[in-house]
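Thanks for making time this morning. Please have a look at the sequence and the structure, and then I will walk you through a few places in it.

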Amino acid sequence: MHSGPVSPSADDRAAARRIADTTFREIYVATPAEICESRDPKGHYAKARAGTLQAFTGIGNDYQPPARAELSIDTSAKTVSDATDEIERMLAETGILFDELVDLAANI
């Protein structure tokens with residue numbers, strides 16, 4: 001499974017959706033910035049607030065929440081395990097993940 005980058009603008013996400021076509025799934029981690037900042041082990045928020053980390057999403061760079069994400073998760077209300085289970089379930093239900101390992105080369 002490939003996780004994509006943070007895409008702060010709606011235009012970037014729309015372009016990614018066009019490129020990936022039917023395999024694109026947008027997951028919005030809708031956790032409040034205060035919670036993210038309180039969990040920041042690398043100190044990125046502090047660096048961004050001090051001006052030493054430029055264009056940090058949510059501090060020096062605006063973030064446009066998605067209008068039509070396939071899944072929204074607020075991790076302030078879930079454990080990491082519950083959030084990943086929810087992501088895995090959505091990916092399986094939408095045909096991105098499979099229950100069984102498949103020999104992809106055999107199908108070429």
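This is a predicted model: local features need pLDDT of at least 70, side-chain atom pairs count only at pLDDT 80 or more; totals for chains, interfaces and linings use all residues.

Let me begin with helix α4, which runs over residues 80-93 and reaches 20 Å from its first C-alpha to its last, close to the 20 Å expected for its 14 residues. Its buried residues are Ala83, Glu86, Ile87, Met90 and Leu91, and because they cover an arc of only 130° around the axis, they sit on the same side of α4. Among the elements that cover these buried residues are β1 and β2. Just after the helix, Gly95 takes a positive phi of about 80°.

Now to Glu26, which you will find in the loop between α1 and β1. Is Glu26 buried or exposed? With a relative accessibility of 8%, Glu26 counts as buried, since the cut-off is under 20%. Its side chain makes a polar contact with the side chain of Arg13, at 2.7 Å, and the residues that Glu26 touches also include Arg17, Pro66 and Arg68.

Finally, the aromatic rings: a search of the whole structure finds two pairs. In one of them, the ring centres of Tyr28 and Tyr63 are 6.1 Å apart with the planes at 20°, so this pair is stacked. The pair links distant parts of the chain, with Tyr28 in strand β1 and Tyr63 in the loop between α3 and β2, 35 residues apart. Tyr63 is partly exposed, at a relative accessible area of 30%. For Tyr45 and Phe56, the centres are 4.9 Å apart and the planes at 80°, so that pair is edge-to-face.

Conventions
Residues are numbered from 1 along each chain as its sequence is written. Side-chain values use heavy atoms; hydrogens and water are left out. Helices (H or I, at least four residues) and strands (E, at least two) are DSSP runs, numbered from the N terminus. Buried means under 20% relative accessible area, exposed over 50%, partly exposed in between (1.4 Å probe, protein chains only). A polar contact is a pair of N or O atoms within 3.5 Å; within protein, one must be able to donate a hydrogen and the other to accept it, and residues adjacent in sequence count only if both atoms are side-chain atoms. Contact means heavy atoms within 4.5 Å. The expected span of a helix is 1.5 Å times one less than its number of residues. The arc is that of the directions from the helix axis to the C-beta atoms. Rings of Phe, Tyr and Trp (its six-membered ring) pair if their centres lie within 6.5 Å; planes under 30 degrees apart count as stacked, over 60 as edge-to-face and the rest as tilted. Lists of a residue's contacts leave out its neighbours within four places in sequence.
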